[in-house]
Amino acid sequence: MSHDIYKINPEFREIMPKEIIELEENATWAKNMDKPRGIKELPDTKELLEEHSLCAGCPEAAALRYVLSALPKPEDTIIVNSTGCTSLMFPHIALHTVHSLFGNQNAVASGIKRVLDWRFPDTQKDVVVLAGDGATVDIGLDYTLQSFFRQEKITTICFDNEVYANTGGQESGMTAKGQVFKMAPTGKKFDKVPMWELAKTSGCHYSVNMTASAPKAVAKAVREAILVAREIGPTYINLYTPCILEIGLSANEGLGEMKDQDKDRFASYKHVSPEAEEYLKKCKAEGLL
């Protein structure tokens with residue numbers, strides 16, 4: 001695990017696509033920055049994400065850009081993902097990624113984090129889980145909660161689109177009550193699982209429920225969550241990224257849907273434990289935020 005894996009072999013430099021050369025020369029690697037990385041660098045630098053294969057206008061694609069731009073040290077970060085729409089993007093990310101079996105991503109991330117801490121005791125390595133609501137809350141709920149119970153120092157980000165989107169549109173535990181999908185024609189019979197509250201109850205020191213409508217807000221939450229996970233314990237971000245196809249919206253209506261939900265079902269929720277709050281104050285004083 002090293003920044004050197006992104007360096008081009010001189011023998012092949014002449015035949016490399018310009019995007020690869022730009023990645024080496026113009027990406028915001030933390031080691032080349034004299035200030036924290038952030039959203040503001042996106043217009044002028046090479047992103048860590050190439051073209052993706054998600055649907056046109058999918059809010060997950062924008063959300064992933066915000067997440068990647070906010071990682072404190074991308075060259076020392078491993079992202080663990082699971083099967084789902086999000087997994088379609090990971091082959092295009094210039095980071096270390098691990099694709100786990102469906103639902104057990106937090107168990108895999110826990111093992112990776114422990115090994116990295118043992119193998120690189122003098123280097124901070126961040127492990128971030130990034131999976132959908134089916135993997136995080138439905139099928140993988142046991143693994144997710146067990147990592148919280150054990151106080152594993154990892155960050156879990158759930159791209160909550162409230163549906164099993166890539167298998168035709170089945171409801172999940174995160175689906176809103178009454179929602180109808182093609183493969184769930186009678187409508188959801190019970191309320192959405194408040195995973196952000198469950199995360200707090202289960203020991204997370206930082207838990208946020210929000211939409212991906214505001215890039216700066218998402219980036220701030222990601223950075224804070226990762227810094228807290230490094231020193232204090234598990235952190236969780238529930239990020240609403242609606243599946244525009246399954247709820248009948250066009251490609252340019254995803255942002256409007258998220259803004260509407262900012263005032264409704266995804267009104268801001270944020271829990272920060274006293275220990276985490278003190279640590280974030282220290283990070284701010286040191287210029288890490």
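## Arg-265 and its salt-bridge partners

Arg-265 is partly exposed, with a relative accessible area of 30%. The cut-offs here: buried is under 20% relative accessible area, exposed is over 50%, and partly exposed falls in between (1.4 Å probe, protein chains only). Its side chain meets that of Glu-162 in a salt bridge at 2.7 Å, N to O. That pair ties together distant parts of the chain, 103 residues apart: Glu-162 sits in the loop between β4 and α6 (195–201), and Arg-265 in the loop between α8 (254–262) and β7. Glu-162 counts as buried because its relative accessibility is 7%. A salt bridge, for the record, is a side-chain nitrogen of Lys or Arg within 4 Å of a carboxyl oxygen of Asp or Glu. Both residues also belong to a salt-bridge network, together with Asp-160 and Lys-192.

Some ground rules before going on: this is a predicted model, where local features need pLDDT of at least 70, side-chain atom pairs count only at pLDDT 80 or more, and totals for chains, interfaces and linings use all residues. Residues are numbered from 1 along each chain as its sequence is written, and side-chain values use heavy atoms, with hydrogens and water left out.

## Other salt bridges

By the rule above, the count comes to 19 salt bridges. Take Lys-125 and Asp-76, whose side chains meet at 2.7 Å, N to O. Here too the pair links distant parts of the chain, with Lys-125 in the loop between α3 (105–119) and β3, Asp-76 in the loop between α2 and β1, and 49 residues separating them. Both Lys-125 and Asp-76 are buried.

Then there's Glu-41 with Lys-40, a salt bridge at 3.7 Å, N to O. Glu-41 counts as buried because its relative accessibility is 11%, while Lys-40 is exposed, with a relative accessible area of 55%.

## The sheet

Seven strands make up an open sheet with mixed pairing, in the order β2-β1-β3-β4-β6-β5-β7. At the edges are β2 (96–99) and β7 (269–272), each pairing on one side only. From one strand to the next, the twist averages 15°. On terms, helices (H or I, at least four residues) and strands (E, at least two) are DSSP runs numbered from the N terminus, and two strands pair if DSSP finds at least two bridges between them.

At the β7 end, β5 (residues 206–211) and β7 pair in the antiparallel sense over four bridges, with Val-208 opposite Lys-270 in β7.

β1 is mostly covered, with five of its five residues buried. Thr-77, Ile-79 and Asn-81 point one way from β1, Ile-78 and Val-80 the other way. In a regular strand the side chains alternate between the two faces of the sheet.

β1 pairs with β3 in the parallel sense over five bridges, and the bridge partner of Val-80 in β3 is Val-129. With β2, β1 pairs in the parallel sense over four bridges, and there Asn-81 stands opposite His-99.

## Helix α2 on the sheet

Which strands does helix α2 lie across? Helix α2 (residues 59–70) lies across β1 (77–81), β3 (126–132), β4 (155–160) and β6 (235–240). Relative to β4, α2 runs at about 160°. Axes are lines fitted to C-alpha atoms, for helices over the stretch in contact (heavy atoms within 4.5 Å), and angles run from 0 to 180 degrees between N-to-C directions.
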